[in-house]
Amino acid sequence: MRARAYNFGAGPAMMPDAVIERIAREWQNFRGEGYSAMELGHRSEHFADIHARAKADLRALLGVPESHHILFLHGGATPHFAMVPLNLAQPGQSADYIHTGYWSDKAMAEATSLVNVRIAASAAASEFDRVPERAGWQLDPAAAYVHICANETIGGVEFADYPDTGDVPLVADMSSNILSQPLDVARFGLIYAGAQKNIGPAGLAIVIIRDDLLGRVRSGVPSVMNYARHVEWDSMYNTPAAFAIWVAGLVFEYVKKEGGVVEMARRSAAKAKCIYDVLNASQLYTNRIQPASRSRMNVPFFLREPRLETRFLDGARRRGLLNLKGHRATGGIRASLYNAMPLDGARELAEYMTEFERRHG
Ligand SMILES: *Cc1c(COP(=O)(O)O)cnc(C)c1O
(Lines give C-alpha, C1' and ligand atoms only; values in the text may rest on other atoms or scores of the structure.)
Protein backbone atom coordinates (compact mmCIF):
# COMPACT_ATOMS: atom_id res chain seq x y z
CA MET A 1 0.00 0.00 0.00
CA ARG A 2 1.14 3.57 -0.71
CA ALA A 3 2.22 5.69 2.24
CA ARG A 4 -0.53 8.13 1.27
CA ALA A 5 -4.02 6.70 0.82
CA TYR A 6 -6.09 7.10 -2.32
CA ASN A 7 -8.62 9.69 -1.22
CA PHE A 8 -11.79 9.42 -3.31
CA GLY A 9 -13.56 12.19 -1.35
CA ALA A 10 -15.58 14.69 -3.40
CA GLY A 11 -14.01 17.74 -1.79
CA PRO A 12 -11.92 18.90 -0.09
CA ALA A 13 -10.26 16.37 -2.30
CA MET A 14 -6.97 14.62 -2.91
CA MET A 15 -3.98 16.83 -3.75
CA PRO A 16 -1.00 15.80 -5.90
CA ASP A 17 1.78 14.12 -3.89
CA ALA A 18 4.34 16.53 -5.36
CA VAL A 19 2.35 19.51 -4.06
CA ILE A 20 1.92 18.03 -0.57
CA GLU A 21 5.67 17.36 -0.41
CA ARG A 22 6.46 20.91 -1.52
CA ILE A 23 4.11 22.38 1.12
CA ALA A 24 5.75 20.18 3.78
CA ARG A 25 9.19 21.45 2.76
CA GLU A 26 8.21 25.12 2.93
CA TRP A 27 5.70 24.89 5.73
CA GLN A 28 8.12 25.92 8.46
CA ASN A 29 10.66 27.88 6.47
CA PHE A 30 9.13 29.54 3.44
CA ARG A 31 11.75 30.03 0.71
CA GLY A 32 14.43 30.18 3.40
CA GLU A 33 12.93 33.32 4.96
CA GLY A 34 12.60 31.82 8.45
CA TYR A 35 8.81 32.14 8.56
CA SER A 36 6.03 29.68 7.79
CA ALA A 37 4.15 29.56 4.48
CA MET A 38 1.09 30.32 6.61
CA GLU A 39 2.67 33.66 7.57
CA LEU A 40 3.19 34.72 3.98
CA GLY A 41 2.31 38.42 3.82
CA HIS A 42 0.09 39.53 0.94
CA ARG A 43 2.16 42.73 0.53
CA SER A 44 5.43 40.81 0.26
CA GLU A 45 7.42 40.51 -2.95
CA HIS A 46 7.08 36.76 -2.64
CA PHE A 47 3.31 37.02 -2.78
CA ALA A 48 3.33 39.49 -5.66
CA ASP A 49 5.39 36.96 -7.59
CA ILE A 50 3.21 34.00 -6.50
CA HIS A 51 -0.03 35.79 -7.41
CA ALA A 52 1.22 36.98 -10.81
CA ARG A 53 2.57 33.55 -11.64
CA ALA A 54 -0.61 31.75 -10.54
CA LYS A 55 -2.68 34.01 -12.78
CA ALA A 56 -0.30 33.63 -15.71
CA ASP A 57 -0.18 29.84 -15.33
CA LEU A 58 -3.97 29.52 -15.14
CA ARG A 59 -4.28 31.82 -18.16
CA ALA A 60 -1.82 29.64 -20.09
CA LEU A 61 -3.33 26.33 -18.96
CA LEU A 62 -6.87 27.23 -20.04
CA GLY A 63 -5.94 29.63 -22.81
CA VAL A 64 -7.88 32.42 -21.11
CA PRO A 65 -8.11 35.26 -23.66
CA GLU A 66 -7.12 38.85 -22.83
CA SER A 67 -10.81 39.77 -22.87
CA HIS A 68 -11.28 37.85 -19.60
CA HIS A 69 -10.04 38.65 -16.07
CA ILE A 70 -8.92 36.05 -13.54
CA LEU A 71 -9.86 36.51 -9.87
CA PHE A 72 -8.93 34.60 -6.71
CA LEU A 73 -11.70 35.22 -4.18
CA HIS A 74 -12.81 34.05 -0.75
CA GLY A 75 -15.79 31.94 0.13
CA GLY A 76 -15.78 29.03 -2.30
CA ALA A 77 -18.35 28.61 -5.05
CA THR A 78 -21.54 29.36 -3.12
CA PRO A 79 -21.30 33.20 -2.97
CA HIS A 80 -21.42 33.21 -6.78
CA PHE A 81 -24.93 31.76 -6.76
CA ALA A 82 -25.92 35.27 -5.58
CA MET A 83 -23.06 37.31 -7.05
CA VAL A 84 -23.87 36.22 -10.61
CA PRO A 85 -27.41 37.68 -10.58
CA LEU A 86 -26.30 40.74 -8.57
CA ASN A 87 -23.56 41.52 -11.08
CA LEU A 88 -25.08 40.44 -14.38
CA ALA A 89 -28.80 41.18 -14.07
CA GLN A 90 -30.93 44.16 -13.16
CA PRO A 91 -33.79 43.59 -10.68
CA GLY A 92 -36.81 42.19 -12.52
CA GLN A 93 -34.74 40.91 -15.44
CA SER A 94 -34.85 37.20 -16.17
CA ALA A 95 -32.05 34.66 -16.40
CA ASP A 96 -32.10 31.15 -17.88
CA TYR A 97 -31.03 28.17 -15.79
CA ILE A 98 -30.36 24.62 -16.92
CA HIS A 99 -31.55 22.33 -14.14
CA THR A 100 -29.34 19.24 -13.96
CA GLY A 101 -29.32 18.32 -10.27
CA TYR A 102 -28.27 19.34 -6.79
CA TRP A 103 -25.83 22.19 -7.49
CA SER A 104 -27.74 23.85 -10.32
CA ASP A 105 -30.74 23.64 -8.00
CA LYS A 106 -28.82 25.44 -5.25
CA ALA A 107 -27.75 28.14 -7.71
CA MET A 108 -31.35 28.65 -8.82
CA ALA A 109 -32.73 28.71 -5.29
CA GLU A 110 -30.26 31.40 -4.24
CA ALA A 111 -30.91 33.48 -7.36
CA THR A 112 -34.69 33.38 -7.01
CA SER A 113 -34.97 36.46 -4.82
CA LEU A 114 -32.54 38.43 -7.04
CA VAL A 115 -33.58 37.71 -10.60
CA ASN A 116 -36.53 36.18 -12.43
CA VAL A 117 -35.26 32.58 -12.66
CA ARG A 118 -36.49 30.82 -15.79
CA ILE A 119 -35.84 27.10 -16.12
CA ALA A 120 -34.88 26.82 -19.78
CA ALA A 121 -34.37 23.07 -19.55
CA SER A 122 -34.64 20.51 -16.78
CA ALA A 123 -33.80 16.85 -16.30
CA ALA A 124 -36.06 16.63 -13.24
CA ALA A 125 -38.60 14.42 -15.06
CA SER A 126 -35.97 11.73 -15.57
CA GLU A 127 -34.60 12.18 -12.04
CA PHE A 128 -31.51 14.04 -13.24
CA ASP A 129 -30.04 11.13 -15.16
CA ARG A 130 -28.71 13.36 -17.99
CA VAL A 131 -27.95 16.80 -19.32
CA PRO A 132 -31.15 17.73 -21.19
CA GLU A 133 -30.80 17.54 -24.99
CA ARG A 134 -29.74 20.92 -26.36
CA ALA A 135 -32.51 20.79 -28.99
CA GLY A 136 -35.16 20.92 -26.26
CA TRP A 137 -33.81 23.97 -24.41
CA GLN A 138 -36.13 26.97 -24.44
CA LEU A 139 -33.64 29.81 -24.26
CA ASP A 140 -34.85 33.39 -23.97
CA PRO A 141 -32.83 35.75 -26.23
CA ALA A 142 -33.55 38.55 -23.73
CA ALA A 143 -32.16 36.65 -20.72
CA ALA A 144 -29.43 38.35 -18.66
CA TYR A 145 -27.38 35.12 -18.83
CA VAL A 146 -27.65 31.33 -19.13
CA HIS A 147 -26.40 29.41 -16.09
CA ILE A 148 -25.17 25.83 -16.20
CA CYS A 149 -23.46 23.54 -13.71
CA ALA A 150 -20.75 21.96 -15.88
CA ASN A 151 -20.42 18.92 -13.63
CA GLU A 152 -23.00 17.89 -11.05
CA THR A 153 -20.63 16.66 -8.34
CA ILE A 154 -23.31 14.76 -6.42
CA GLY A 155 -25.39 13.34 -9.26
CA GLY A 156 -22.40 12.46 -11.43
CA VAL A 157 -23.73 14.26 -14.53
CA GLU A 158 -21.35 16.23 -16.74
CA PHE A 159 -21.79 18.32 -19.88
CA ALA A 160 -20.03 16.51 -22.74
CA ASP A 161 -19.82 19.82 -24.61
CA TYR A 162 -20.87 23.39 -23.95
CA PRO A 163 -23.73 25.20 -25.65
CA ASP A 164 -23.46 28.24 -27.86
CA THR A 165 -25.74 30.85 -26.30
CA GLY A 166 -25.10 33.59 -28.86
CA ASP A 167 -25.20 37.09 -27.39
CA VAL A 168 -26.48 35.90 -24.02
CA PRO A 169 -23.51 35.36 -21.68
CA LEU A 170 -22.93 31.75 -20.70
CA VAL A 171 -22.16 31.34 -16.98
CA ALA A 172 -20.77 28.05 -15.70
CA ASP A 173 -20.16 26.60 -12.26
CA MET A 174 -17.04 24.52 -12.99
CA SER A 175 -16.17 23.74 -9.37
CA SER A 176 -15.69 20.04 -9.97
CA ASN A 177 -14.32 19.79 -13.51
CA ILE A 178 -12.21 22.89 -14.14
CA LEU A 179 -8.69 22.05 -15.41
CA SER A 180 -9.74 18.51 -16.35
CA GLN A 181 -9.90 19.20 -20.09
CA PRO A 182 -9.23 21.88 -22.70
CA LEU A 183 -11.79 24.67 -22.68
CA ASP A 184 -12.79 27.39 -25.13
CA VAL A 185 -13.00 30.13 -22.50
CA ALA A 186 -14.02 32.73 -25.10
CA ARG A 187 -17.45 31.09 -25.25
CA PHE A 188 -18.12 31.89 -21.59
CA GLY A 189 -19.10 35.18 -20.03
CA LEU A 190 -18.23 33.96 -16.56
CA ILE A 191 -16.77 30.80 -15.04
CA TYR A 192 -16.57 30.24 -11.31
CA ALA A 193 -15.12 27.33 -9.34
CA GLY A 194 -14.54 26.51 -5.69
CA ALA A 195 -10.93 25.38 -5.38
CA GLN A 196 -11.32 22.31 -3.17
CA LYS A 197 -12.09 19.79 -5.90
CA ASN A 198 -9.52 20.20 -8.62
CA ILE A 199 -7.30 23.07 -7.45
CA GLY A 200 -6.43 23.48 -3.79
CA PRO A 201 -7.58 24.41 -0.29
CA ALA A 202 -11.30 24.94 0.44
CA GLY A 203 -12.43 28.53 0.83
CA LEU A 204 -10.75 29.81 -2.32
CA ALA A 205 -12.70 30.43 -5.52
CA ILE A 206 -11.47 31.08 -9.04
CA VAL A 207 -13.51 33.44 -11.21
CA ILE A 208 -12.93 34.10 -14.90
CA ILE A 209 -15.05 37.00 -16.12
CA ARG A 210 -15.33 38.78 -19.47
CA ASP A 211 -14.40 42.44 -19.22
CA ASP A 212 -17.56 43.91 -20.78
CA LEU A 213 -19.76 42.22 -18.15
CA LEU A 214 -18.22 44.27 -15.33
CA GLY A 215 -20.42 47.22 -16.18
CA ARG A 216 -23.67 45.37 -15.54
CA VAL A 217 -23.56 45.32 -11.73
CA ARG A 218 -26.73 46.62 -10.14
CA SER A 219 -26.57 49.54 -7.72
CA GLY A 220 -26.13 48.94 -4.01
CA VAL A 221 -24.09 45.74 -4.28
CA PRO A 222 -21.56 45.51 -1.43
CA SER A 223 -17.93 45.77 -2.53
CA VAL A 224 -16.97 42.22 -1.59
CA MET A 225 -19.77 40.96 -3.87
CA ASN A 226 -18.88 43.24 -6.77
CA TYR A 227 -16.71 41.62 -9.46
CA ALA A 228 -15.68 45.02 -10.86
CA ARG A 229 -14.32 46.02 -7.44
CA HIS A 230 -12.27 42.80 -7.27
CA VAL A 231 -10.91 43.35 -10.79
CA GLU A 232 -10.01 46.94 -9.90
CA TRP A 233 -8.10 45.69 -6.84
CA ASP A 234 -6.59 42.66 -8.61
CA SER A 235 -8.22 40.26 -6.07
CA MET A 236 -6.77 42.26 -3.15
CA TYR A 237 -9.71 44.41 -2.14
CA ASN A 238 -9.29 42.75 1.25
CA THR A 239 -6.59 40.37 2.45
CA PRO A 240 -6.43 37.60 -0.11
CA ALA A 241 -6.24 33.93 0.89
CA ALA A 242 -2.47 34.11 0.45
CA PHE A 243 -1.67 30.57 1.54
CA ALA A 244 -4.47 29.05 -0.54
CA ILE A 245 -3.39 31.06 -3.61
CA TRP A 246 0.18 29.84 -3.14
CA VAL A 247 -1.06 26.23 -3.05
CA ALA A 248 -3.31 26.78 -6.08
CA GLY A 249 -0.26 28.12 -7.92
CA LEU A 250 1.70 24.97 -7.01
CA VAL A 251 -1.16 22.90 -8.46
CA PHE A 252 -1.12 24.95 -11.68
CA GLU A 253 2.66 24.33 -11.95
CA TYR A 254 2.07 20.64 -11.38
CA VAL A 255 -0.62 20.44 -14.07
CA LYS A 256 1.64 22.30 -16.51
CA LYS A 257 4.56 20.00 -15.78
CA GLU A 258 2.41 16.90 -16.22
CA GLY A 259 1.31 17.95 -19.70
CA GLY A 260 -1.48 20.46 -19.15
CA VAL A 261 -5.21 20.01 -19.57
CA VAL A 262 -4.85 17.79 -22.64
CA GLU A 263 -3.03 15.25 -20.50
CA MET A 264 -5.51 15.75 -17.62
CA ALA A 265 -8.33 14.95 -20.06
CA ARG A 266 -6.56 11.80 -21.24
CA ARG A 267 -6.01 10.63 -17.65
CA SER A 268 -9.55 11.54 -16.61
CA ALA A 269 -11.00 9.46 -19.43
CA ALA A 270 -8.77 6.51 -18.53
CA LYS A 271 -9.64 6.68 -14.82
CA ALA A 272 -13.37 7.00 -15.46
CA LYS A 273 -13.27 4.09 -17.93
CA CYS A 274 -11.77 1.81 -15.24
CA ILE A 275 -14.77 2.35 -12.99
CA TYR A 276 -17.55 2.52 -15.61
CA ASP A 277 -16.26 -0.72 -17.21
CA VAL A 278 -16.79 -2.50 -13.90
CA LEU A 279 -20.24 -0.92 -13.44
CA ASN A 280 -21.31 -1.83 -16.99
CA ALA A 281 -20.39 -5.49 -16.51
CA SER A 282 -21.80 -5.76 -13.00
CA GLN A 283 -24.84 -7.51 -11.53
CA LEU A 284 -24.13 -5.98 -8.11
CA TYR A 285 -23.49 -2.27 -8.79
CA THR A 286 -25.76 0.18 -10.57
CA ASN A 287 -25.29 3.68 -11.99
CA ARG A 288 -28.41 5.23 -13.47
CA ILE A 289 -26.83 8.10 -15.44
CA GLN A 290 -27.23 8.02 -19.25
CA PRO A 291 -23.85 7.11 -20.79
CA ALA A 292 -23.51 10.38 -22.75
CA SER A 293 -23.90 12.45 -19.56
CA ARG A 294 -21.76 10.38 -17.20
CA SER A 295 -19.27 12.42 -15.24
CA ARG A 296 -15.56 11.71 -15.64
CA MET A 297 -14.96 13.35 -12.26
CA ASN A 298 -17.53 11.86 -9.89
CA VAL A 299 -18.85 8.34 -10.31
CA PRO A 300 -21.79 7.61 -8.00
CA PHE A 301 -23.10 4.07 -7.77
CA PHE A 302 -25.30 1.87 -5.63
CA LEU A 303 -25.05 -1.71 -4.45
CA ARG A 304 -28.12 -3.76 -5.36
CA GLU A 305 -28.24 -4.83 -1.72
CA PRO A 306 -27.80 -1.72 0.43
CA ARG A 307 -26.90 -3.90 3.43
CA LEU A 308 -23.57 -4.59 1.68
CA GLU A 309 -22.61 -0.91 1.60
CA THR A 310 -20.95 -0.83 5.02
CA ARG A 311 -18.99 -3.97 4.23
CA PHE A 312 -17.91 -2.48 0.89
CA LEU A 313 -16.73 0.73 2.54
CA ASP A 314 -14.93 -1.08 5.38
CA GLY A 315 -13.08 -3.34 2.95
CA ALA A 316 -12.12 -0.35 0.80
CA ARG A 317 -10.79 1.53 3.81
CA ARG A 318 -8.61 -1.43 4.79
CA ARG A 319 -7.02 -1.23 1.33
CA GLY A 320 -6.33 2.48 1.60
CA LEU A 321 -9.26 3.45 -0.65
CA LEU A 322 -10.83 6.24 1.38
CA ASN A 323 -13.93 8.43 1.53
CA LEU A 324 -16.05 6.47 -0.92
CA LYS A 325 -19.30 7.04 0.98
CA GLY A 326 -21.88 8.80 -1.22
CA HIS A 327 -23.29 12.25 -0.46
CA ARG A 328 -25.69 12.31 2.47
CA ALA A 329 -28.49 13.48 0.13
CA THR A 330 -28.25 10.37 -2.06
CA GLY A 331 -26.53 7.59 -0.10
CA GLY A 332 -24.69 4.87 -1.98
CA ILE A 333 -21.07 5.11 -3.05
CA ARG A 334 -19.25 7.87 -4.91
CA ALA A 335 -15.73 7.75 -6.34
CA SER A 336 -14.26 11.16 -7.17
CA LEU A 337 -11.51 11.06 -9.77
CA TYR A 338 -10.07 14.56 -9.88
CA ASN A 339 -6.70 15.45 -11.41
CA ALA A 340 -4.70 14.45 -8.32
CA MET A 341 -6.08 10.89 -8.29
CA PRO A 342 -3.47 8.65 -9.95
CA LEU A 343 -4.59 6.14 -12.57
CA ASP A 344 -3.37 3.43 -10.19
CA GLY A 345 -5.91 4.63 -7.63
CA ALA A 346 -8.77 4.09 -10.09
CA ARG A 347 -7.29 0.71 -11.09
CA GLU A 348 -7.09 -0.44 -7.47
CA LEU A 349 -10.66 0.62 -6.84
CA ALA A 350 -11.85 -1.20 -9.98
CA GLU A 351 -10.00 -4.35 -8.86
CA TYR A 352 -11.48 -4.12 -5.40
CA MET A 353 -14.99 -3.68 -6.85
CA THR A 354 -14.57 -6.75 -9.05
CA GLU A 355 -13.22 -8.83 -6.21
CA PHE A 356 -16.00 -7.65 -3.86
CA GLU A 357 -18.61 -8.65 -6.43
CA ARG A 358 -17.04 -12.08 -6.82
CA ARG A 359 -17.38 -12.63 -3.09
CA HIS A 360 -20.78 -11.03 -2.53
CA GLY A 361 -22.53 -10.91 -5.90
C1 LIG B 1 -18.63 21.79 -4.14
C2 LIG B 1 -19.47 22.52 -5.12
C3 LIG B 1 -20.08 23.74 -4.81
C4 LIG B 1 -19.99 24.38 -3.45
O5 LIG B 1 -18.73 24.83 -3.17
P6 LIG B 1 -18.42 25.63 -1.81
O7 LIG B 1 -16.97 25.90 -1.92
O8 LIG B 1 -18.79 24.72 -0.68
O9 LIG B 1 -19.24 26.85 -1.81
C10 LIG B 1 -20.80 24.36 -5.81
N11 LIG B 1 -20.93 23.83 -7.02
C12 LIG B 1 -20.38 22.65 -7.34
C13 LIG B 1 -20.54 22.09 -8.72
C14 LIG B 1 -19.62 21.95 -6.40
O15 LIG B 1 -19.06 20.78 -6.71
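In this predicted model, the side chain of Thr78 places an N or O atom 2.6 Å from an oxygen atom of the ligand. For Lys197, a polar side-chain atom lies 2.7 Å from an oxygen atom of the ligand. For Gln196, the corresponding distance is 2.9 Å, again from a polar side-chain atom to an oxygen atom of the ligand. The protein buries 86% of the 390 Å² that the ligand exposes when taken alone.

The shell around the ligand holds 13 residues. Thr78, Thr153, Asp173, Gln196 and Lys197 come nearest. By class, the shell divides into seven polar, four nonpolar and two charged residues.

Seven strands build an open sheet with mixed pairing. Their order is E2-E10-E9-E8-E5-E3-E4. Strand E2 (68–74) and strand E4 (116–122) form the edges, each pairing on one side only. Between neighbouring strands of this sheet the average turn is 20 degrees, direction ignored.

Within this sheet, strand E5 (residues 146–149) pairs with strand E8 (residues 170–173). The two strands run in the parallel sense, and the pairing extends over four bridges. One of the residues involved is His147, whose bridge partner in E8 is Val171. Asp173, one of the residues that come nearest the ligand, falls within the range of E8.

Helix H3 (residues 79–88) lies across E2, strand E3 (94–99), E8, strand E9 (190–194) and strand E10 (204–210). H3 runs at about 160 degrees to E9. Strand E12 (residues 298–303) runs antiparallel to E14, and four bridges join the two. Phe301 stands opposite Ile333 of E14.

Two backbone features lie in loops. The peptide bond from Gly11 to Pro12 is cis, with omega near -5 degrees. Pro12 is placed in the loop between strand E1 (6–7) and helix H1 (17–27). Glu127 has a positive phi, near 50 degrees, and is a residue other than glycine. The loop that holds Glu127 lies between E4 and E5.

Note on methods: Residues numbered from 1 in each chain as written. Predicted model: local features only at pLDDT ≥ 70, side-chain atom pairs only at ≥ 80, totals over all residues. Heavy atoms only, no water. Pairing = 2+ DSSP bridges. Axes fitted to C-alpha atoms, helices over the stretch in contact; angles between N-to-C directions. Contact = heavy atoms within 4.5 Å. Near = heavy atom within 4 Å. Polar contact = N/O pair within 3.5 Å; in protein donor to acceptor, adjacent residues only side chain to side chain. Areas by Shrake-Rupley, 256 points an atom, 1.4 Å probe, with all protein chains shown as cover. Nonpolar A, V, L, I, M, F, W, Y, C, P; charged D, E, K, R; others polar.
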